[in-house]
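Please take a friendly walk through this protein chain with me.

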Amino acid sequence: MTALRHWLCERRGQPADALFPNARGQGLSRDGVAYILSQHVTTARARCKSLKAKRVSPHVLRHTTAMDLLQHGVDRSVIALWLGHESMETTQVYLHANLELKEAALAKTEPFTGPNRRYHPSDTLLAFLQSL
């Protein structure tokens, strides 16, 4: 919050002005963010050789931040709000992508020790399904 207050003071804008304006003083577009990021990535690649083989985009940064929040225990509903997702289901993809969460869940399970049998539905159930 302190950094934002300093930025608002420095830019001497009005409360209704864009927080991060483009060169014309309007709100920064997705393309504008991608352009600025690509300039900084180009500079960083000259100094950090490991970045040469990596794809860096606003989406990658967004996804990485969401995964980091999830790994640090932030509730997915908070992440969904922060990312501006319309539904919690959109945020579900981060749970599917998180291998550490999967491994932790599997570590809490026990192997199945029951008999391996095939399910055989009743004639009544089969007749119902065939009538659909």
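A residue is called buried when its relative accessible area is under 20%, exposed when that area is over 50%, and partly exposed in between (1.4 Å probe, protein chains only). Ala-46 counts as exposed because its relative accessibility is 53%. Ala-46 sits in helix H2; helices (H or I, at least four residues) and strands (E, at least two) are DSSP runs, numbered from the N terminus.

Before going further, please note that this is a predicted model, in which local features need pLDDT of at least 70, side-chain atom pairs count only at pLDDT 80 or more, and totals for chains, interfaces and linings use all residues. Residues are numbered from 1 along each chain as its sequence is written, and side-chain values use heavy atoms, with hydrogens and water left out.

**How confident is the prediction?**

The predictor's confidence in each residue is its pLDDT, on a scale from 0 to 100. The chain has an average pLDDT of 86, and 97% of the residues reach at least 70. Confidence is highest in H2, at a mean of 94, and lowest in helix H5 (residues 88-97), at 73. Where pLDDT is low, the predicted coordinates should not be read in detail.

Which residues make the nonpolar surface patch? They are Met-1, Leu-4, Leu-8, Leu-19, Phe-20, Leu-28, Val-33, Tyr-35 and Ile-36, and the patch covers about 810 Å². Like charges are joined within 9 Å, and nonpolar side chains (Val, Leu, Ile, Met, Phe, Trp, Tyr) within 5 Å. The areas themselves come from the Shrake-Rupley method with a 1.4 Å probe, and for residues only the protein chains shown count as cover.

Helix H1 (2-11) and helix H2 (30-47) each give the patch at least two residues. H2 provides the largest share, three residues. Ile-36 belongs to helix H2. H1 lies largely in the open, because zero of its 10 residues are buried.

**One aromatic pair**

Rings of Phe, Tyr and Trp (its six-membered ring) pair if their centres lie within 6.5 Å; planes under 30 degrees apart count as stacked, over 60 as edge-to-face and the rest as tilted. This rule gives a count of one aromatic pair. Trp-7 and Phe-20 are stacked, because their ring centres are 6.4 Å apart and their planes meet at 20 degrees. The pair links distant parts of the chain, 13 residues apart: Trp-7 is in helix H1, and Phe-20 is in the loop between H1 and H2.

**Cysteines without a bridge**

A disulfide is a covalent bond between the sulfur atoms of two cysteines. Here the test is a pair of cysteine sulfur atoms within 2.5 Å, and the whole structure holds zero disulfides. Cys-9 is exposed, whereas Cys-48 is partly exposed.

**Accessibility side by side**

The table gathers some residues from this tour.

| Residue | Relative accessible area | Class |
|---|---|---|
| Cys-9 | 58% | exposed |
| Phe-20 | 47% | partly exposed |
| Ile-36 | 36% | partly exposed |
| Cys-48 | 31% | partly exposed |
| Trp-7 | 28% | partly exposed |

**Across the chain**

Ser-87 lies in the loop between helix H4 (76-83) and H5.

Note on methods
Patches are made of residues with over 30% relative accessible area and no salt bridge: like charges are joined within 9 Å, nonpolar side chains (Val, Leu, Ile, Met, Phe, Trp, Tyr) within 5 Å. A salt bridge is a side-chain nitrogen of Lys or Arg within 4 Å of a carboxyl oxygen of Asp or Glu.
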